[in-house]
Amino acid sequence: RGIKLLELGAVEKGGSGCICPESVLLKQLVSHILLQRGEVVLMDMYAGVEHLGRATADAVNAMIVVAEPTARSLATAAQIKALAADIGLTQLFLIGSKVQSADDRAYIESHSPGLRVLGHLPYAPQVPAADREGKAAHDAAPETAEASNADQQELAEGNSGPSGDDAPDSMSDSEGGGSSDDGGSDGAGED
């Protein structure tokens, strides 16, 4: 599909310490790619807000926060917004995830912490099933893929940041609050 993937390792053993060295490497790599080579980068960050505390994402110029239609998830989105502002990242957007009804859409729209809602991804039982089988969710749930494409189009066409800039060159897809792949989490996160 013309996408290059670099996966950063994770904590693999309890008590082994933090991933500080890995975070430093990621921060330097992203800064080099974004600031020196001018390429487009999409970073899918771990659940939680640690990457904002470490400023791993401070080289990006925009962030998409993916939140479920729950109070806890949208509270995490508000925390992400505040921490992003602390590192000078002010261009944030929200995408609703695991949306099952018009009520879910309305809840996300009315409880967004001041972030523009780009769109909503429907809940699709095929997504956790594909994950369990090691398959791409994009292929297993075409309706979710179509919604994602529509959200991307919304960002590219109709969105400008506070300074009137065009769509961002770099995005960080931030996840927080412990989202899970089974559709049952109350955390802000991405799929």
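**Figure 1. The largest nonpolar core of the protein chain.** In this predicted model, the largest nonpolar core has 23 residues, of which Met43, Met63, Val65, Ile80, Leu89, Leu92 and Leu94 touch the most other members. A nonpolar core is a set of buried Ala, Val, Leu, Ile, Met, Phe, Trp, Tyr and Cys residues joined through side-chain atoms within 4.5 Å, where buried means under 20% relative accessible area, exposed over 50% and partly exposed in between (1.4 Å probe, protein chains only). Two or more residues of this core come from each of helix H1 (20-37), strand S1 (41-44), strand S2 (63-67), helix H3 (71-86) and strand S3 (92-99), and H3 gives the most, with four residues. Helices (H or I, at least four residues) and strands (E, at least two) are DSSP runs, numbered from the N terminus.

Figure 2. Leaving out residues up to four places away in sequence, Leu92 touches Met63, Val65, Ile80, Lys81, Ala84, Leu115 and Arg116, a contact being heavy atoms within 4.5 Å.

**Figure 3. The surroundings of Ser112.** Ser112 is found in the loop between helix H4 (102-111) and strand S4 (116-122), and this residue counts as buried because its relative accessibility is 16%. A polar atom of the Ser112 side chain lies 2.7 Å from the backbone oxygen of Leu115. Beyond its neighbours within four places in sequence, Ser112 is in contact with Leu74, Leu94 and Val117.

**Figure 4. The chain as a whole.** The protein chain has seven helices and five strands, which follow the pattern α-β-α-β-α-β-α-β-α-α-α-β when read along the sequence. Of its 191 residues, 42% count as buried, and of the contacts with a separation of 6 or more, 67% are between residues 24 or more positions apart.

**Figure 5. Confidence along the chain.** The average pLDDT (the predictor's confidence in each residue, from 0 to 100) is 75 for the protein chain, and 64% of the residues score at least 70. Confidence is highest in H4, at a mean of 97, and lowest in strand S5 (residues 170-174), at 52. Over residues 159-170 the pLDDT stays under 50, and the model has 28 contacts beyond four places in sequence for them.

**Notes.** Residues are numbered from 1 along each chain as its sequence is written, and side-chain values use heavy atoms, with hydrogens and water left out. Because this is a predicted model, local features need pLDDT of at least 70 and side-chain atom pairs count only at pLDDT 80 or more, while totals for chains, interfaces and linings use all residues.

Technical notes:
A polar contact is a pair of N or O atoms within 3.5 Å; within protein, one must be able to donate a hydrogen and the other to accept it, and residues adjacent in sequence count only if both atoms are side-chain atoms.
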